[in-house]
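Hello,

Here is the structure for you to look over. My notes follow below it.

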Amino acid sequence: MRNKGAILTLAIALTLVCIYQLSFTLVTLNIRNHARQYADGDPVKMEKYLDSLTNETVYDILINEFTFHEVQEREINFGLDLKGGMSVILEISTVDVIRALANNNKDTTFLNAINIAREMQKKTNKDFITLFGEAFEQVDPGASLSAIFTSQELRDKVKPGTPNDEVLEIIREEAHGAIDNAFNIIRTRIDQFGVTQPNIQYLDTKDRILVDLPGVKNKDRVRRLLQGTANLEFWETFENAELIQNLYATDAMVREYQATQKELKKDTTEEKSPVVDAVPVQEDATESSSLMAQIRSDTTLQDTIPQTIEETYPLLSILMPMQDPQNRQPYPGAVIGIARLKDTTKINYYLRLAQERKLFPREVRFMWSALPDVDQDKKPTDRYKLYAIKVRSRDGLPPLDGDVIVSARQEFDETSGFAYVLMNMNAEGSKKWAHITKENLKKVICVVMDNKVYSGPTVQVEITGGSSQITGNFSINEAQDLANLLKSGKLPAQARIIQENVVGPSLGERAVREGFSSFLIAFLVVLVYMVFYYSRRAGLVADIALITNMFFIAGVLASLGASLTLPGIAGIVLTIGMSVDANVLIFERIREELAAGKGVRMAVSDGYKNAYSAIIDANVTTLITAIILYIFGTGPIKGFATTLGIGICTSLFSAIFITRLIIERQLNKNKEITFTTNLTKNAFKNVNINFIDKRRISYVISSIIIIVSIGSLIMRGLDTGVDFTGGRNYIIKFDQAVKTPDVADALTSQFGETPKVITFGADDQVRITTRYKINEDGIEIDEEIQQLIYNGLTPMLSEDVDYNTFYDKYWQSNQKVGPTIADDIKRQAVVAIFIALVFMFLYIILRFRNYQYGLGAVAALVHDALLVLGIFSLFYGFMPFSLEIDQAFIAAILMVVGYSINDTVVIFDRIREFIKLYPKRERKEIMNMALNSTLSRTFSTSFSTFVVLVTIFIFGGEVIRGFVFALLVGIVVGTYSSLFIATPVVFDTIKKAERKKEIKLRK
């Protein structure tokens, strides 16, 4: 073996680096175990103990000292599915950036072009600015963009008459700068949030940002942190007394409007029946307000408002006016009503109707409170306050905005028991603030951020000096987040969550337990199998290589800071199969050399040399699959691709070099080493199957299965998940077994549509899928859906389970995929599979210098993909686990492609070798010889990989069961196609080409 010293040095160096990197993980585990013992089951106490060590030195190595925070940053990073946490994809609104750059953004042509570009974006991959340019030209051919984009920011760049293509390029540069700024602001906010090992990165399109936050528990807090633009404004307000009569007039208007709508919907031929109101309509506003005040002040009565009350008082039955129920006098302040979160959308609609009909002053603008109201015990309710903002300026801008803020920090008021934010303004802001407060003595000034009212204090005195407070019912965390938003700055455009995946800590812990249990069992099974099949000494050598490979994978993962996910564990386990395959190829070659009468040393040398070609080809094709998955995948899929790619590289090093060093050392010590056992030495030795002559049988069998599969795909389709359709998934775990139809019925009344409910694992756990309001964005929508789920499932819960307990105890995880990114995922899935097939085809042609080999390989791959799709189409709904088509399934299809081509390439490699050895033999004989001679390797690799996957399927948990099932099916069909499809197709295509050549020669 050449360069033995260099290889040994590299192995030692790699081992030392891995030990160093993994030592941080061991230190962290040790500290957490100590904290767990100290806390004695109290999670709050444990968290405080760990927080106290954040900046303390806990690890000395060589000349370096590391604090606990630094040690955590260097440990193996568990993904969200193992650790729990939140992963979101944010989309920075390019439309907002374009609107901000346009000086005349109310122009009809401009607005029409924006709307057309939005529609065009749904059908193409082009960036929005290009589409906007095309739409602008379509709306008004020949019009000049320079006439619209004359804002202060562009004054020096866009001149009158600047060509449209140049204007678009300038806009593109400005948009990229704004998005870069948004990226930095989001990173700053997350750094201040204090998450360990966050992952923030651009995705394939510049305006999308992936944010992974492992370990976070308060998902609503994160949503506010990420989506808030931090657009702080200070507004003057109307007094409640000024608008209360307008509110009653709006209630009467809505009642008339609804009556008119009902009349229009009635069938003209239907005879109208008289309507009798259980509660007579009160024309007098005073009587109406008295009745509604009594209803709204009694919460028990409010929960059982009869339908007739809602029809008679459509607005006041859901919006409680701010007035004394005894004397009917309006309360002072700018709050004109309080309503439940679920009713705010309807109230907004009613108020828009009223404003269109000029029932309110033109200067009024309505805004909801950012935080819910609190009860007497200072606990948050589900009710929010409605404020009446006064807009004085013609351009609709506030008298003061957040650009004047220079500092902000969280403080705590011992008297009220709530936190607040103390902020300071610059000189210009201080001057304006003094003027505003002087003009509004004894009146309310609203502190607004992102169109939500955070505070509405009454001005007592003129405030000079620029120091002021934002007060409200803030917890310490809420006040800290608000201060962080103000310090990090205002986002240049709206950041919108278009995909979200949240995993609760209990589901993460169970995933860790199940994932590692399946890994250990699979690993032990493979170790035992290698000793059983290849003898104690040779099998132990392979086992050492496998253990070394796992050690290297863990060390490299820690070095790169890559996340270990549940699919990542599946990738590692699949790497075991790949590593076994390399050892099997080498050992099978050595066995062949020994059978040919060579001595052990010569057999080992020639066995390794002859196996290199097949090992490299097989692993390169799988590596291509891993690279494609890494490029097109996100989150757990990228984790799967990362571990698979690392595993392929380390398994090659371990199988080729580590085993060679050990075997040669044993031979140098004159130790006897064998590569067979009494049970396996004659396995597959005298097999002589005529695969080529039987190809028509396999063609017929495959054709029938493919026709059935295509028929099922046409008739039944596939069970597409939210990754491809858009929607929300919620996993809920109950105290007892539940029936999915009961859960679906309970939620239908809440959503107004029937959600999809399936059992997820045990019969006490379900997954709820809904598209309710999927096209609407905002934290309030997420909160509304969570409230609806709680309301619907309350009868199935224990009596003492409130909203917060439900989401702490029963909620396991949730996922949201917006329709825009769902379309992108579908597009990327098709592109990924197509690119994988093209690259496989090109690689085969490159290696074998014959396009027929490429055709045979691609035919087998298409065959495998169709069969897997067909099985998922045929059996979804009948299996006791989910066969949903999602991103993980696409990863599985690509892995089936990689595995199948791996198997096929080994056979092709042997055909190429036999053609050189036996040039005078017929091609049919050579191909049959190649197929039969590789059967032992095919069986060992397929069997070991199949056993590994079965272990994961049984013990790996529900989250990846469908993914692993696809791999299991793929292993079976991939092995079948490599034997009965790929090589026969090569034989037939070569035969056909030769016939054409003969015909040409005869002519």
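**What turned up**

Thr 622 sits in helix H20 (residues 600-632); helices (H or I, at least four residues) and strands (E, at least two) are DSSP runs, numbered from the N terminus. Thr 622 is buried, at 1% relative accessible area. Buried means under 20% relative accessible area, exposed over 50%, and partly exposed in between (1.4 Å probe, protein chains only). Setting aside neighbours within four places in sequence, Thr 622 contacts Met 578, Leu 644, Ile 648, Met 895, Gly 898 and Asn 902. Contact means heavy atoms within 4.5 Å.

Two points on the source. This is a predicted model, where local features need pLDDT of at least 70, side-chain atom pairs count only at pLDDT 80 or more, and totals for chains, interfaces and linings use all residues. Residues are numbered from 1 along each chain as its sequence is written, and side-chain values use heavy atoms, with hydrogens and water left out.

Overall, the chain has 32 helices and 23 strands. Of its 1003 residues, 53% count as buried.

Next, a helix pair. The axes of H28 (residues 851-875) and H29 (residues 887-917) come within 9 Å and cross at roughly 150°. Axes are lines fitted to C-alpha atoms, for helices over the stretch in contact, and angles run from 0 to 180 degrees between N-to-C directions. Residues of H28 that meet H29 include Tyr 853, Leu 861 and Phe 872. On the H29 side, Phe 889, Ile 901 and Ile 915 are among them.

Now the charged pairs. The structure holds 28 salt bridges (a side-chain nitrogen of Lys or Arg within 4 Å of a carboxyl oxygen of Asp or Glu). One of them joins Glu 75 to Arg 32, with the closest N and O atoms 3.2 Å apart. Glu 75 lies in the loop between helix H3 (68-74) and strand E3 (77-78), and Arg 32 in helix H1, so this pair ties together parts 43 residues apart in sequence. Both ends are buried: Glu 75 at 6%, Arg 32 at 19%.

Lys 157 and Glu 174 also form a salt bridge (2.4 Å, N to O). Here Lys 157 is partly exposed at 41%, and Glu 174 is partly exposed at 21%.

Asp 251 pairs with Arg 255 at 3.6 Å, N to O. Both lie in helix H10 (residues 240-265), four residues apart, about one turn of the helix. Asp 251 is buried at 2%. Arg 255 is buried at 16%. Elsewhere, salt bridges that share partners join Arg 589, Glu 592, Arg 910 and Glu 913 into one network.

Best wishes
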